[in-house]
Amino acid sequence: MLDTKYSQYIQHRIDQKTKPLGALGLLEKVAFQLALIQSQGQESAAEHIELNKPRIIIFAGDHGVADEGVSIAPSAVTQQMVLNFLNGGAAINCFCAVNHIDITVVDTGILLPIESDNPMLISQRLGTRTNNFANEAAMSLETVERGIELGAELVSRTISNGTNIIMFGEMGIGNTSSASAILSALANRTADECVGLGTGINNEQLARKVAVVEQGVARCKGLDPKSILTQVGGYEIVQMVGAFLGAYQNRTPVLVDGFIVSVAAYVATLIEPNCRDYMIFAHRSEESGHKILLELLDAEPLLDLGLRLGEGTGAALAMPIIRAAAEFYNSMASFESAGVTV
């Protein structure tokens, strides 16, 4: 839990800016959260919000459940998109370039490994791809534990290199099926409520996807979060869970992307509830399950652009809002300093 001893001072600093109370809406909440996070363990409240070396980590992994025809594309596309990230050609590359965000791409276990000396690429492979959770557990508990550990260690290294705000993205054919199953199992919601169209499947594929999710979730009754990850999780999702926990351990805020990243965030809060204090939610996804997640996490997203791409694109697009919140906290005049009387 965040130490709130400086909350009153931070709120007063925000309220004394030259504006009506609350007139900057969500920007004020973001500034308050960032200032409170950066005041942790300090002898005084943060007078200046620092945003250093923002970085997005894209976790890529393949899913055996893709064999069930729940996606518009085969598993080979995961590797092709990772290559696209490395070559600078994806949407996330464009948005990171314009918003000055560095990118790391992590192979958590894709079907076709990439041999590359590109410094953007990190290999943390947990396997070739998960098992098909329609028929059996996606992975072992040992693999889940190792994935969480690897994700936390990577984030800790990133933060030790100077990053103090971080984002996560994902890539993996079939991963909306995994995310939907995790949500259904953890939140006791039906597959129909949690399953969406992903990247654009047809109605026949949607029905198949719902049925597959129901098959996996049927094995999850009474299980704890990590055991649910063994049954229906994905390699990239378990490493993102660890990444959220690593950010919490290092008192670093995470700008949270859409549905799949938010599933990992939700699992992380069930393992360590206090990590919720370090999450800022970037946007509301078009995926049906994301609305459920935002309610469960008591989250108010910054953007609602109709996005359903993944890759961390929503988080990258929200970064200018984070910068604006920091800038008004740092530089906007107070009534006293501006000589404004109200």
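I take a residue as buried when its relative accessible area is under 20%, and as exposed when it is over 50%. The model I am reading is a predicted one.

**Entry 1: helix α9**

I began with helix α9, which spans residues 225–232. I asked how many of its residues are buried. I found that 6 of its 8 residues are, and I recorded the helix as mostly covered. The buried residues are Ser227, Ile228, Leu229, Thr230, Gln231 and Val232.

**Entry 2: strand β4**

Next I turned to strand β4, residues 166–171. I found 6 of its 6 residues buried, so the strand is largely enclosed by the rest of the structure. I recalled that side chains in a regular strand alternate between the two faces of the sheet. I therefore looked at each side of β4 and found both faces covered, since 6 of the 6 residues are buried. Ile166, Phe168 and Glu170 lie on one side, and Met167, Gly169 and Met171 lie on the other.

Which strands pair with β4? Strand β1 (residues 55–61) pairs with β4 in the parallel sense over 6 bridges. As one example, I noted that Ala60 has Met171 of β4 as its bridge partner. Strand β5 (residues 254–256) also runs parallel to β4 and is joined to it by 2 bridges. There I recorded Val254 of β5 as the bridge partner of Ile166.

**Entry 3: the nonpolar cores**

The largest nonpolar core has 64 residues, and Phe168 and Phe244 touch the most other members of it. Leaving out residues up to four places away in sequence, I listed the residues that Phe168 touches. Among them are Ile56, Ile57 and Phe59, together with Val155, Met240, Phe244, Val254 and Leu255. I also noted a second, separate core of 50 residues, which includes Leu86, Ile280, Ala316 and Ala318. As a general point, nonpolar side chains in soluble globular proteins tend to be buried together.

**Entry 4: Glu311**

I looked up Glu311 because UniProt, in an unreviewed entry, places the feature "active site" there, an annotation that may be inferred rather than shown by experiment. Glu311 sits in the loop between α12 (288–296) and α13 (313–331). Is Glu311 buried or exposed? With a relative accessible area of 4%, it is buried, because that value is under the 20% limit.

I set aside its neighbours within four places in sequence and read off its contacts. Glu311 is in contact with Ile56, Ile58, Met81, Phe85, Ala90, Ala91, Ile92, Gly169 and Glu170. Its side chain reaches the backbone nitrogen of Ile92 at 3.3 Å. I also noted that phi of Glu311 is near 70 degrees, a positive value in a residue other than glycine.

**Entry 5: His100**

I recorded another positive phi at His100, where the angle is near 55 degrees. His100 lies in the loop between α4 (91–99) and β2 (102–109). Its relative accessibility is 60%, so it counts as exposed.

**Entry 6: cysteines**

I looked for disulfides and found 0 in the structure. Cys96 is in none, and the nearest cysteine sulfur, that of Cys94, is 9.5 Å away. Cys96 is buried, with a relative accessible area of 1%.

**Entry 7: Val342**

I ended with Val342, in the segment after α14 (335–338). Val342 is exposed, with a relative accessible area of 82%. I compared its position with that of Asn202, 140 residues apart from it along the chain. The C-alpha atoms of Val342 and Asn202 are separated by 58 Å.

Conventions. Residues are numbered from 1 along each chain as its sequence is written. This is a predicted model: local features need pLDDT of at least 70, side-chain atom pairs count only at pLDDT 80 or more; totals for chains, interfaces and linings use all residues. Side-chain values use heavy atoms; hydrogens and water are left out. Buried means under 20% relative accessible area, exposed over 50%, partly exposed in between (1.4 Å probe, protein chains only). Helices (H or I, at least four residues) and strands (E, at least two) are DSSP runs, numbered from the N terminus. Contact means heavy atoms within 4.5 Å. A polar contact is a pair of N or O atoms within 3.5 Å; within protein, one must be able to donate a hydrogen and the other to accept it, and residues adjacent in sequence count only if both atoms are side-chain atoms. A disulfide is a pair of cysteine sulfur atoms within 2.5 Å. Two strands pair if DSSP finds at least two bridges between them. A nonpolar core is a set of buried Ala, Val, Leu, Ile, Met, Phe, Trp, Tyr and Cys residues joined through side-chain atoms within 4.5 Å.
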